[in-house]
Amino acid sequence: MKYLAEFRNSKLVSGVIDEITRTVSQPWVIMEICGGQTHSIMKYGLDQLLPDNIELVHGPGCPVCVTSLEMIDRALAIASQPEVIFTSYGDMLRVPGSQGDLFSVRASGKDVRVVYSVLDAVKIAQDNPSKLVVFFAIGFETTAPANAMSVLQAQKLGLDNFCLLVSHVRVPPAMNLILGSPSNRVQGFLAAGHVCTVMGYWEYVPIAQKYKVPIVVTGFEPVDILQGILLTIRELEHKSNDVKNAYSRVVNYRGNKPAQNIIEQVFIECDQKWRGIGNIPGSGWRLKPAFVKYNAEDRFHVEEIKPTESPLCISGQILQGLVKPINCPAFANQCSPEHPLGATMVSSEGACAAYYRYGRSK
Amino acid sequence: MCLAVPGKIVEIYEINGLLMGKIDFGGVVREVCLTFVPEAKVGDYTIIHVGFALNLIDEKEAMETLTLLDEISNQGEIE
């Protein structure tokens with residue numbers, strides 16, 4: 001077993017869809033948290049295979065989309081410094097700041113590099129002792145252990161020319177925000193499988209109980225997503241709100257302890273501003289004071305950031321599942337992946353980009 | 001962004017005190033960090049995100065899931 005083809009098997013896909021159709025008796029609204037799942041749903045057309053009374057809405061689990069405009073502008077300012085090699089995952093380079101993006105900084109002659117792993121950025125710092133290497137440490141709980149490990153590794157190697165521009169976000173506070181909103185429509189959640197691989201799913205039990213919504217840990221292949229939807233529908237139809245695991249080959253209740261320990265060693269909880277949504281208390285991680293020398297925000301005092309967002313972009317409502325991309329007046333008009341007005345159209349995991357790419361229309 | 005892909009561990013070693021390994025992603029072999037899966041053995045399947053193994057893949061759980069879903073699918077055919 002290679003754990004891919006088996007979970008893309010068309011016979012299983014149609015079998016699980018049939019079971020969902022047999023199980024559902026009334027309309028339900030389910031949110032998939034993770035942008036990777038949104039992408040899979042659109043790519044495989046799962047939304048079009050499901051019975052009409054199941055509506056999928058798309059959550060804020062796209063770190064590229066929710067990294068605040070202030071932080072993008074700060075990244076652009078830091079990347080423009082002559083002594084800096086600015087490193088980032090590829091998705092971030094096209095995200096529009098108030099003026100330009102990281103690609104435009106690179107086009108102006110500055111050293112902006114895409115890395116596959118943060119350890120590649122540590123290696124660049126080792127190889128370039130006269131330069132200051134900054135890594136744009138964005139991401140959810142899935143990515144935090146890697147970013148935390150880079151700081152410990154830089155410390156162990158005695159590297160003074162490596163630091164992180166940290167903009168980490170956490171899923172549970174965002175779910176609380178969505179469920180606590182008076183305009184909430186979400187009745188059940190597919191929790192993000194790889195976030196739960198790291199963190200486990202014990203954090204979701206009190207959320208499910210408080211808001212009386214079932215939450216199902218869900219993977220990313222078509223069969224995984226449909227299994228997650230089936231378990232959620234079963235819970236909803238039985239008026240139950242348990243937390244279930246539909247990704248048990250990878251996720252367990254407590255998560256990955258060594259990874260959690262590294263996060264705890266390096267990061268501390270903080271408030272975080274989400275692009276399009278605003279501040280969510282306790283929804284981020286920042287470096288602990290002991291690691292101040294690895295904090296790019298302390299090493300570069302970027303002043304006077306006055307971010308300006310496109311007035312046409314409604315990504316905040318999209319990210320909370322309140323509006324579908326196709327109902328945005330700018331969708332596929334003023335806004336497209338070639339000319340994105342907001343981050344949900346930039347990242348391939350953004351709901352707007354997924355709708356555009358896979359041809360969903362009104 | 002939270003994309004993670006399965007691969008098979010073909011080699012385990014240490015670099016600068018970090019547990020590292022070579023992973024075979026269906027023919028493409030890449031180096032990844034195994035520090036979060038200290039129990040990993042050569043031949044295990046693991047799930048990789050941004051160059052780090054996040055967990056080992058439990059074959060027994062995977063088989064159980066597939067068997068269960070297969071039964072559900074067949075059940076519909078019988079009806």
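Trainee: At what angle do α9 and α11 of chain A pack, and how far apart are their axes?

Mentor: In this predicted model, helix α9(A), residues 171-180, packs on helix α11(A), residues 204-211, at an angle of about 5°, and the two axes are 10 Å apart. Because angles under 35 degrees count as roughly parallel, α9(A) is roughly parallel to α11(A).

Trainee: Which residues make that contact?

Mentor: From α9(A) the contributors are A:Pro172, A:Met175, A:Asn176 and A:Leu179, and they meet A:Tyr204, A:Ile207 and A:Tyr211 of α11(A). Sorted by class, this contact has six nonpolar residues, one polar residue and no charged residues.

Trainee: OK, switching to the sheet in chain A with β8 in it. What's the strand order?

Mentor: The order is β2-β1-β7-β8-β9 in chain A, an open sheet of five strands with parallel pairing. Its edges are β2(A), residues 54-61, and β9(A), residues 243-245, each of which pairs on one side only. On average, neighbouring strands in this sheet are turned by 25° against each other, with direction ignored.

Trainee: How many bridges join β8 to β9 there?

Mentor: Three bridges join β8(A), residues 215-218, to β9(A), and the two strands run parallel. As for individual partners, A:Val216 is bridged to A:Lys244, which belongs to β9(A).

Trainee: And which helix lies across those strands?

Mentor: That is α12(A), residues 222-237, which lies across β1, β2, β7, β8 and β9 of chain A and runs at about 170° to β8(A).

Trainee: What about α5 of chain A, mostly covered or mostly open?

Mentor: Helix α5(A), residues 69-79, is mostly covered, with nine of its 11 residues buried. Among the buried ones are A:Leu69, A:Met71, A:Ile72 and A:Leu76, but A:Asp73 and A:Arg74 are on the list too.

Trainee: What do those buried residues pack against?

Mentor: Their partners in chain A are the strands β3 (84-88), β4 (111-114), β5 (132-139) and β6 (162-169), together with the helices α6 (102-107) and α14 (296-299).

Trainee: Stepping back, how many helices and strands does chain A have?

Mentor: Chain A has 17 helices and 11 strands. Its radius of gyration is 21 Å, close to the 21 Å that the globule rule gives for 362 residues, so chain A is as compact as a globular protein of that length. The C-alpha atoms fill a box of roughly 65 × 45 × 40 Å along the principal axes, and 56% of the 362 residues count as buried. If you take the contacts in chain A between residues at least 6 apart in sequence, 78% of them join residues at least 24 apart.

Trainee: Now chain B. How many of its residues are in contact with chain A?

Mentor: There are 33 residues of chain B in contact with 47 residues of chain A. On the chain B side, the elements that give two or more residues are β4 (45-49), β5 (52-56) and α1 (59-78), and α1(B) gives the most, with 10 residues. By class, that side of chain B has 19 nonpolar, 10 polar and four charged residues.

Technical notes: Residues numbered from 1 in each chain as written. Chains lettered and ligands numbered in written order. Predicted model: local features only at pLDDT ≥ 70, side-chain atom pairs only at ≥ 80, totals over all residues. Pairing = 2+ DSSP bridges. Helix = DSSP H or I, 4+ residues; strand = E, 2+ residues; numbered from the N terminus. Axes fitted to C-alpha atoms, helices over the stretch in contact; angles between N-to-C directions. Contact = placed C-beta atoms within 7 Å. Nonpolar A, V, L, I, M, F, W, Y, C, P; charged D, E, K, R; others polar. Buried ≥ 20, exposed ≤ 12 C-beta atoms within 10 Å, placed from the backbone. Rg over C-alpha atoms; globule rule 2.2 N^0.38 Å. Parallel < 35°, antiparallel > 145°, perpendicular 65-115°, else oblique.
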